[in-house]
Amino acid sequence: MSYDRAITVFSPDGHLFQVEYAMEAVKRGSAVVGVRGKDCVILGVERKAVAQLQDSRTIRKIAKLDDNITIAFAGFTADARVLIEKARVEAQSFQLTCEDFPSIEYMARYIARTQQSYTQRGGVRPFGVSSMLAGFSTDGLPQLYLTDPAGTYSSWKANCIGGRNEKAVKEFLEKNWTEGQSEEDAVRLAVRALMEVVDSGSKNIELAVRRKGEPVHMVPEETLEQIIADIEREQEESRSKASQETLGGV
């Protein structure tokens, strides 16, 4: 029997191959980096090069769920559009029913539940999308949630999804993330992480900053260019210093 054709059938060694293929589709997508700071959450995405005559403003990897939650995704854009529309309707329904905004944990759980339901019945396929949600808890603490095609969700301090160097970027974040870092440090960390996978600088990076009680702020390209120039200069100085120390040791 071909176990990778039926979504509802486990293989003898316990795999649901269609779900694993959906996760592979996410890995082949654009990189998304999320970093939680002391009083902010940063979402950064890799923008793929667009055709010469295409309007780049129509290609967005960062979207608003409601006034308090921002989402970024890696994987199939069409699948993400459908999932985001479902989540927006749920957020509006919650607000009408409870007269309050849904929490970020509630929305992450809803998205994960929707994705899981598409792995358990025939006639559908899993969403080829992983997403990161940025927002604040009811206590005013910054929060970063991740969902995947299997329907699991979890809270993170920093993470990366998608991109050709996903493992290397995660190791970089594990090594460099620190508790209670400022907004400036969190932005620089997100940019440095994206520079591990992006070749052509600020033109292929999009960065959003989520602050408590404020609309999401998209970092201007000019600011990104300045940050990248500073980081590249520091890296060059570090390499020069290391080279001089090596020569001096010899």
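# Reading side chains in a predicted model

Analyst: Let's start with Met218, which counts as partly exposed at 35% relative accessibility. On this scale, buried means under 20% relative accessible area, exposed means over 50%, and partly exposed is in between (1.4 Å probe, protein chains only). This is a predicted model, where local features need pLDDT of at least 70 and side-chain atom pairs count only at pLDDT 80 or more, while totals for chains, interfaces and linings use all residues. Residues are numbered from 1 along each chain as its sequence is written, and side-chain values use heavy atoms, with hydrogens and water left out.

User: Where is Met218 found, and what is Met218 in contact with?

Analyst: Met218 is found in strand E10 (residues 217–218). Helices (H or I, at least four residues) and strands (E, at least two) are DSSP runs, numbered from the N terminus. Contact means heavy atoms within 4.5 Å. Setting aside neighbours within four places in sequence, Met218 is in contact with Ile62, Glu206, Leu207 and Ala208. As for Gly151, its C-alpha is 29 Å from that of Met218, and the two are 67 residues apart in sequence.

User: How many disulfides does a search of the whole structure find?

Analyst: First, the idea: a disulfide is a covalent bond between the sulfur atoms of two cysteines. The cut-off here is a pair of cysteine sulfur atoms within 2.5 Å. The search finds zero. Take Cys160: the nearest cysteine sulfur, that of Cys40, is 18 Å away, and Cys160 is in no disulfide. Cys160 counts as buried, at 1% relative accessibility, whereas Cys98 is partly exposed, with a relative accessible area of 42%.

User: And how do I read the aromatic pairs?

Analyst: A pair of aromatic rings is described by the distance of the centres and the angle of the planes. Rings of Phe, Tyr and Trp (its six-membered ring) pair if their centres lie within 6.5 Å; planes under 30 degrees apart are stacked, over 60 edge-to-face, and the rest tilted. The count is four aromatic pairs. One of them is Phe94 with Tyr106, tilted, at 4.8 Å centre to centre and 50° between the planes. This pair links distant parts of the chain, twelve residues apart: Phe94 is in helix H2 (residues 77–98) and Tyr106 in helix H3 (residues 104–117). Both Phe94 and Tyr106 are buried.

User: What about Tyr145 and Tyr153?

Analyst: They form a tilted pair too, with 6.2 Å centre to centre and 35° between the planes. Tyr145 counts as buried, at 10% relative accessibility, but Tyr153 is partly exposed, at 31%.
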